[in-house]
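Student: I have a structure open beside its sequence, and I would like to learn how to read its features with some care. Could you take me through them in turn?

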Amino acid sequence: RGSIIPLTYRLYAHNLLSQGHRDIQPAIGQIIDIYYRHSPFGDRDYGTIWSAEGTLYLPGVLRHHGLRIYGGYQQRQFAESSFSDIISYPRGQASLMSSQLFCLKSDYVLPLFYPDWSLGKLSYFKRISLRLFYDEAWAMVPIQNYSAEKRVNFGSAGGEMTTDCSILRLLVPAQIGVRASYLTDQRNYNFEFLLSVNFSAL
């Protein structure tokens, strides 16, 4: 119990080429995102965490295809409690409590077809797309009651099939789909249902 008053500082910059109606992502673009978070006030100390992320968008082999490369690094200083992670993990992997985390992700995305299916007033399906990915990461994980650390490597590879749709004829665009991931360190498979709603499109 106790109060926490965190402060967050952020530096964000992007340069994105406007995408066409059928493009899934920007054809060319760059994003830089830097965070620093700490808790200088309040009864509880959450330590500090900072991160740096970069994303690069490139055109694919064919029109409306795209390649995305993402890199992220974060460093955490532990205290009585800790902030949650800022950078993203390899898809399908569970998060780890770590003092350092580095993640590299690559995507190749392409539209499969435009069905223009309508289920009455329930939903309208505009486009079905495929995203292939390969992710790698390493983390420094505390052991022996935080007296030492060990390096852990983990990653995933797989694909996502999603559809852009409008549910119940709402103005907010949504995306639903499935993801299949092969966890390279565990030699196991993971399956997920995907749902996202883009409220910023309003």
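**Reading a loop residue and the pockets**

Tutor: Let us start with Gln93, which sits in the loop between strand 4 and strand 5 (100-113); strands here are DSSP runs of E with at least two residues, numbered from the N terminus. Bear in mind that this is a predicted model, in which local features need pLDDT of at least 70 and side-chain atom pairs count only at pLDDT 80 or more, whereas totals for chains, interfaces and linings use all residues. Residues are numbered from 1 along each chain as its sequence is written, and side-chain values use heavy atoms, with hydrogens and water left out.

Student: Is Gln93 buried or exposed?

Tutor: Buried means under 20% relative accessible area, exposed means over 50%, and partly exposed lies in between, computed with a 1.4 Å probe on protein chains only. Gln93 has a relative accessible area of 14%, and therefore counts as buried.

Student: With which side chain does the side chain of Gln93 make a polar contact?

Tutor: A polar contact is a pair of N or O atoms within 3.5 Å, where, within protein, one must be able to donate a hydrogen and the other to accept it, and residues adjacent in sequence count only if both atoms are side-chain atoms. For Gln93 the partner is the side chain of Asp185, at 2.7 Å. If we ask about contact in general, meaning heavy atoms within 4.5 Å, Gln93 touches Phe154, Gly155, Leu183, Asp185 and Gln186, leaving aside residues up to four places away in sequence.

Student: How does Ile34 count by its relative accessibility, and why?

Tutor: Ile34, which is found in strand 2, counts as partly exposed because its relative accessibility is 33%. Its contacts, again without residues up to four places away in sequence, are Tyr9, Arg10, Leu11, Ser51 and Ala52.

Student: Which residues line the second largest pocket?

Tutor: On a 1 Å grid over the protein atoms alone, a pocket is an open set of points where a 1.4 Å probe fits, with protein on both sides within 12 Å along at least five of seven lines, and lining residues have an atom within 4 Å of a point. The lining of the second largest pocket includes Arg10, Asp33, Glu53, Arg68 and Lys105, and strand 3 gives the most to this lining, with three residues.

Student: Which residues lie nearest the centre of the largest pocket?

Tutor: They are Arg127, Asp164, Pro173, Ala174 and Asn198, from a lining of 18 residues.

Note on methods. Helices (H or I, at least four residues) and strands (E, at least two) are DSSP runs, numbered from the N terminus.
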